[in-house]
Each structure stands twice: as structure tokens, then as C-alpha cells.
Amino acid sequence: MATLRELKGRIGSVKSSEKITGAMKMISSAKMRKAEGALRRLVPYRNQVQTIIGHLLSSDAQCVSPLAEKREVSNVALLVFGSDDGLCGAYNAQIFKTLLSTLNGLHAQYGEGVHYTVFPIGKKAHLVTSKLASDTISVVHDCPLNTRSSLSDIKQFTEFVKAEFTGCKFDRVLSVYTHFKSMSRQVPTVEELLPLEPQKLLPEGQAEANKPYLFEPDAASIFNTVLPLYVLSVMQQYFAENSASEQAARVIAMQSANDNAKKLLEELQLEYNKLRQQSITTELLDILGGQKRD
């Protein structure tokens with residue numbers, strides 16, 4: 001049975017843990033709001049670029065891009081967005097589970113003749129994906145990106161991915177990330193980054209339109225300029241959503257830890273009070289017993 005001194009030490013430790021988790025929750029909340037703000041600012045830009053693509057496709061112009069080229073699949077790249085830090089609950093475990101499910105689905109779709117290249121973004125993503133390395137799965141150990149990468153780094157990596165796709169190094173590029181819906185809901189998601197399907201970018205009800213636009217310069221030049229901008233905006237959105245989702249998961253994890261600390265503190269305090277009362281009662285009985293003997 002624990003002594004009063006041991007219980008007092010435990011209570012002090014739990015109180016310290018409660019303060020730490022509370023502070024971490026506040027920090028993560030601030031970071032999440034910052035990432036959410038960046039996401040809100042990015043979405044209008046992406047929507048505007050998508051609108052321009054829609055106008056191009058709904059005209060009578062012929063728009064072709066190497067980023068939209070479909071070919072027989074023999075090499076698939078998977079961009080796996082995880083976290084660099086821990087203490088975010090099951091966030092990275094869910095991403096890894098989604099990655100495994102995606103790989104199983106691709107194996108079932110293409111058979112055994114396809115090679116997969118995994119780009120883990122974040123230290124935790126690298127730790128879990130490194131276990132997947134095999135004859136058919138390569139894990140890039142020196143991926144230049146992490147969750148704190150700057151816009152220039154993201155742009156440079158996006159250019160690399162596009163060059164590898166147009167150079168036929170990869171036939172498909174998939175992104176495995178966590179879609180940020182709200183503070184309490186983040187959904188592991190798989191999206192195809194390349195090849196693009198321009199027809200899917202058309203606004204609803206615009207697919208059948210045929211408008212006589214006049215373009216300066218020609219429509220093909222505009223299309224091949226705007227489409228890479230769209231790819232970059234999508235990549236930025238992956239990073240923003242992943243960052244917001246990570247911080248939201250950490251807020252929830254810290255709140256859960258804080259609640260558990262409070263519950264444990266109440267139990268320890270109750271046990272401490274019982275033990276203290278028992279100690280006082282024992283001392284009183286010893287005093288009364290001594291008086292009777294006298």
C-alpha cells in the first residue's frame with residue numbers, strides 16, 4: 001500500500017502533467033487555427049484556377065497537356081503525408097492503415113507487375129513506411145519535404161513530381177493525406193494527383209457547354225500554363241489540410257490526456273484523504289490507549 005509521501009508525490013506529478021497537456025492543447029489550437037486560415041486563403045485561389053480551366057474546356061478549343069496523359073500503369077508514386085512530431089493520437093496510424101488499404105487495392109487492380117515508390121512526408125510517416133520496403137515497393141529515405149517545408153520547397157518538390165510523371169518515371173501519382181473537415185473530424189483520404197482528368201474540373205452543368213471564347217494567347221498555351229498552377233495549388237492544399245488535421249488530432253489527444261489526468265488526480269486525492277484520515281485515526285487511538293494505561 002502506498003504511503004502518504006508517495007501519494008503526495010504522485011499527485012504532484014499528475015498536476016504537472018495536467019498543466020503540460022493544457023499548455024500543449026493551447027499551442028496546438030493556435031497552430032490549428034493558423035493552418036485553417038492558410039487553407040481558407042488557398043481554396044479561393046484553387047477555385048479560380050479551376051474556373052479558368054473550366055472556361056477553356058467548355059470552349060471549342062482543343063486543350064491537351066502531358067499532365068493529363070493516361071498510359072499503361074507500371075510505376076505508381078504514393079505521397080504519404082504524416083507528422084514530424086508525436087502526441088497526436090492515432091493520426092499516423094490511420095494514415096498507415098489507409099496506405100496499406102490503398103496498396104492492397106492497387107495490387108488487386110494491377111497485379112504483381114507494378115512497382116510502387118513511397119514518398120513519406122514527415123518523420124513519423126518515414127518510420128512506419130520504412131517497414132514496407134520490398135522488391136515491388138521502394139521507400140524514398142531522403143524525401144526533401146517535411147510538415148514544416150516552405151512554399152518554395154513545396155513548389156520545387158511539385159516540379160520534381162511533374163517532371164517524373166511527364167518523363168514516364170511514374171504513370172500515376174497518388175496522395176495519401178488527412179482531409180480536414182472540422183476540429184472534431186479529420187478523414188484519411190486518397191486522391192489522384194496525376195494524371196489529371198480535366199473533365200472532372202468542369203463546374204457542374206458546364207460539361208455540355210460550347211462557348212465561342214477568344215483567347216490571347218491561344219487556348220493551348222493558357223491551358224498548359226494554368227494546369228501546372230492547379231497541380232501546385234492542390235499540393236499546397238494537401239499540406240495545409242494535413243497540418244490542420246495534425247494539430248486538430250493533437251488538440252483532441254491533449255484534451256483526452258488532460259481529462260484522464262483530472263480523473264486520476266481525483267482518484268489519488270481521494271485515496272490520499274482516506275489514507276490521511278486513517279493515519280490520524282490510528283494516532284488518536286494510540287493516544288487514547290496511552291492515556292488509559294496511565
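**Entry: threonine 102**

I started with threonine 102, which sits in helix α2. Helices here are DSSP runs of H or I with at least four residues, strands are runs of E with at least two, and both are numbered from the N terminus. This is a predicted model, so I kept in mind that local features need pLDDT of at least 70, that side-chain atom pairs count only at pLDDT 80 or more, and that totals for chains, interfaces and linings use all residues. Residues are numbered from 1 along each chain as its sequence is written, and side-chain values use heavy atoms, with hydrogens and water left out.

Is threonine 102 buried or exposed? I found it buried, with a relative accessible area of 12%. The scale I used: buried is under 20% relative accessible area, exposed is over 50%, and partly exposed is in between, with a 1.4 Å probe and protein chains only. Leaving out residues up to four places away in sequence, threonine 102 touches Leu78, Leu174 and Val190. A contact means heavy atoms within 4.5 Å.

**Entry: the cores**

Next I looked up nonpolar cores, meaning sets of buried Ala, Val, Leu, Ile, Met, Phe, Trp, Tyr and Cys residues joined through side-chain atoms within 4.5 Å. The largest one has 36 residues, and Ile53, Leu193, Leu194 and Met235 touch the most other members. I noted the elements that supply at least two residues each: α1 (4–57), β1 (75–81), β2 (115–121), α4 (151–166), β4 (172–182), β5 (185–194) and α5 (219–293). Which element gives the most to this core? That is α5, with eleven residues.

I then checked methionine 235 by itself. Not counting residues up to four places away in sequence, methionine 235 touches Leu79, Phe81, Ile154, Phe157, Thr158 and Leu193. There is also a second, separate core of 16 residues, and Leu78, Val114, Leu132 and Ile137 are among them.

**Entry: salt bridges**

How many salt bridges does a search of the whole structure find? I got ten, counting a side-chain nitrogen of Lys or Arg within 4 Å of a carboxyl oxygen of Asp or Glu.

I looked at arginine 71 with aspartate 171, where the closest N and O atoms are 2.8 Å apart. Arginine 71 is in the loop between α1 and β1 and aspartate 171 in the loop between α4 and β4, so this pair ties together parts 100 residues apart in sequence. Both residues are buried.

Then I turned to arginine 148 and aspartate 84, whose closest N and O atoms are 3.9 Å apart. Arginine 148 lies in the loop between β3 (137–139) and α4, and aspartate 84 in the loop between β1 and α2 (91–110), so the pair ties together parts 64 residues apart in sequence. Arginine 148 is exposed at 56% relative accessible area, while aspartate 84 is buried at 7%.

My last pair was glutamate 192 and arginine 172, which meet at 2.5 Å, N to O. Glutamate 192 is in strand β5 and arginine 172 in strand β4, so parts 20 residues apart in sequence are tied together. Glutamate 192 is partly exposed, at 30% relative accessible area, and arginine 172 counts as buried at 15%.

**Entry: pockets**

On a 1 Å grid over the protein atoms alone, a pocket is an open set of points where a 1.4 Å probe fits, with protein on both sides within 12 Å along at least five of seven lines, and lining residues have an atom within 4 Å of a point.

The largest pocket holds about 720 Å³ of space. It is lined by 27 residues, and the closest to its centre are Lys31, Ala35, Thr147, Arg148 and Ser243. The largest share of the lining, ten residues, comes from α1.

The second largest pocket has about 270 Å³ of space. Of its 13 lining residues, Glu192, Leu196, Lys200, Leu201 and Tyr230 lie nearest its centre. Two or more residues of this lining come from each of α1, β5 and α5.

**Entry: alanine 90**

Finally I checked alanine 90, in the loop between β1 and α2. Alanine 90 counts as partly exposed, at 41% relative accessibility. Its C-alpha atom is separated by 8.8 Å from that of alanine 253, 163 residues away along the chain.

Definitions and conventions:
Grid points are joined across faces, edges and corners, and a volume is the space filled by probe spheres set on the points.
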